[in-house]
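Welcome! Here is a structure to look at, followed by a few questions and answers on how its features get their names.

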Amino acid sequence: MAVEKIQDLGVSSNDDVVLVRQAVRTAAVEAGFNIVDQTKIVTAASELARNTLVHGGGGSVRIELLRETAKTGLRLTFEDRGPGIRDIDLAMRDGFTTGNGLGLGLGGARRLSNEFQIHSRPGEGTRVMIARWKA
Amino acid sequence: MERIPILQLGQFLLVTIQVDMHDRLALALQDDLTTQIVRSRARGVLIDISAVDVVDSFMGRMLANTAGMARILDAETVVVGMRPSVAITLVELGLSLPGIRTALNVDLGMALLQAARGSEDLAVGG
Amino acid sequence: MAETTLAGIIDRHETDLLDEWTRRQLESLESRRDLVPESELRSDSRSLLSVLREGLAYGNGQDATSAQWSKAQSLLSDLSRRRVIQGFSPSQTATFVFSLKQPLFDRISQSAADNPALMAELLWSASTLLDKLGLATVEAFMKTREELIARQQQEMLELSTPVVELWDGVLALPLIGTLDSERTQVVMQNLLEAIVNKAAVIAIIDITGVATVDTLVAQHLLKTVAAARLMGAECIISGIRPQIAQTIIHLGVDLGNVITKATLADAFRIALRKRELVVAKA
């Protein structure tokens with residue numbers, strides 16, 4: 001599998017969340033996703049970018065365009081050095097939120113993606129990876 | 001910060017969202033709408049999202065809150081022009097926008113508002 | 001001695017190799033010489049020979065998949081693509097590479113006649129190299145053919161599931177045949193687009209012509225109905241045969257508050273009522 005392109009963006013303001021959406025949209029178009037798949041990954045990115053900003057105190061995202069022999073994919077990795085999540089299962093449950101919100105961020109991002117991985121520990125920050133593939 | 005313009009059409013307010021809103025702008029819109037509803041004594045609000053290509057849970061919340069506040073102020077809200085890709089994504093996301101009425105375009109949304117208004121007036125008028 | 005490497009042998013005998021190789025290709029294409037002009041065969045062969053010579057300069061081609069061989073790979077890939085479109089079969093296409101074996105082996109035997117060990121080694125290298133390249137040709141061929149078929153399927157898909165406007169604001173989507181997950185998704189997206197374009201507040205999805213419905217298809221149907229509702233339109237599902245009704249119950253699919261009707265006619269009646277329309281005698 002080859003990583004064809006990498007883009008790193010900082011997530012430290014509301015405007016950054018918008019920029020992340022736009023960058024992911026561009027990358028999804030480049031990966032050849034149809035409009036529905038584009039919308040899904042951009043929406044998931046929006047949720048995770050906001051999480052990184054609001055709960056993680058700011059962080060970054062890496063956007064990678066992946067090429068395998070039979071398919072193309074987009075992988076997003078959000079990272080922050082915030083307080084971390086104590087109970088990941090609880091956080092993934094819809095409706096759960098410690099801030100203001102419907103709490104659909106993590107669960108929603110997972111539902112909208114083909115792959116989902118989260119690493120987080122209290123005091124150690126959080127890293128969330130999502131990926132979507134197109135045959 | 002720029003603000004989203006709100007148009008007054010008789011007893012109704014029309015908002016057309018045409019930019020990729022950052023969170024603060026969305027919240028500002030929520031405030032502005034509530035203020036305008038009171039100021040113009042509007043009976044209905046149309047929010048046109050036909051130019052919006054992403055609706056995430058924050059935006060969904062904003063729309064739900066707006067509709068809720070409008071109802072308390074005796075105004076109905078209809079969200080119009082949702083794109084298929086957005087609708088499909090919302091279904092996948094699990095966001096159902098409870099308490100929000102929708103219509104395919106401004107005309108149909110207006111008809112919906114007038115029908116709602118009309119039946120209400122009948123009920124009150126006796 | 002330059003002569004006793006593969007690169008050297010090809011270099012020294014290039015013209016005869018090219019002639020004999022082209023002749024063999026034309027022979028094997030006996031009945032299909034209409035597919036490709038001889039000039040194209042010659043020029044393709046000449047290109048591959050020279051690319052082979054370049055690659056062999058790095059060794060006897062033990063690793064035909066490495067970067068040094070990428071030129072050969074892309075040449076063969078391009079050739080295979082053209083051959084698919086020209087109507088060749090996979091083996092006819094691979095013959096391009098394999099028919100170089102005999103001429104090359106003959107030249108190797110001549111050049112290393114006095115050294116059996118070297119001859120064996122060169123024959124083996126040449127054979128494995130051409131085998132690898134031949135197989136690469138077949139793979140590229142298959143890939144192109146699959147892409148072509150996928151594209152044709154897409155076109156057929158679009159032709160076979162038209163959305164019909166029954167009346168102002170009422171659409172019907174008659175689904176026919178077997179539904180697989182991918183096809184259902186495409187069809188449903190088309191329906192939602194049509195709902196927007198025609199401002200149809202009611203869409204009837206008729207599945208009379210559908211043989212079986214599995215869980216995935218049922219889920220796509222329900223997601224479409226939910227999406228349409230979010231947009232401000234309503235869906236009615238009609239044409240549910242007894243077997244399908246049974247399947248839906250067995251699968252435990254929850255139709256929720258989706259209106260379902262046995263026939264398209266029934267569904268249309270409901271649609272008219274919802275649009276506050278009445279059909280009257282003239």
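Q: Which residues meet where helix α3(B) touches helix α9(C)?
A: In this predicted model, P84(B), A87(B), I88(B), L90(B) and V91(B) of α3(B) meet K223(C), A226(C), A227(C), L230(C) and M231(C) of α9(C). Sorted by class, this contact has nine nonpolar residues, one charged residue and no polar ones.

Q: How many residues are in contact between chain B and chain A?
A: On chain B there are 19, and they are in contact with 23 residues of chain A. On the chain B side, α1 (23-40), α2 (57-72) and α3 each supply at least two residues. The largest share, six residues, comes from α3(B). By class, this side of chain B has six nonpolar, six polar and seven charged residues.

Q: Why is V78(B) called buried?
A: A residue is buried if 20 or more other C-beta atoms lie within 10 Å of its own. V78(B) has 24 within 10 Å, so V78(B) is buried.

Q: Where is V78(B) found, and which residues does it touch?
A: V78(B) is in strand β4 of chain B, residues 76-80. Leaving aside residues up to four places away in sequence, V78(B) touches L46(B), R101(B), T102(B), A103(B), G109(B), L112(B) and L113(B). As for D107(B), it is 29 residues from V78(B) in sequence and 11 Å away in space, C-alpha to C-alpha.

Q: Why is chain A called as compact as a globular protein of its length?
A: Let us begin with its elements: chain A has four helices and five strands, in the order β-α-α-β-β-α-α-β-β from the N terminus. The radius of gyration of chain A is 14 Å, and the globule rule gives 14 Å for 135 residues; the two values are close, so chain A is as compact as a globular protein of that length.

Q: What does the C-alpha trace of chain A span along its principal axes?
A: The spans are about 40 × 25 × 25 Å. Of the 135 residues of chain A, 41% count as buried.

Note on methods
Residues numbered from 1 in each chain as written. Chains lettered and ligands numbered in written order. Predicted model: local features only at pLDDT ≥ 70, side-chain atom pairs only at ≥ 80, totals over all residues. Contact = placed C-beta atoms within 7 Å. Nonpolar A, V, L, I, M, F, W, Y, C, P; charged D, E, K, R; others polar. Rg over C-alpha atoms; globule rule 2.2 N^0.38 Å. Buried ≥ 20, exposed ≤ 12 C-beta atoms within 10 Å, placed from the backbone.
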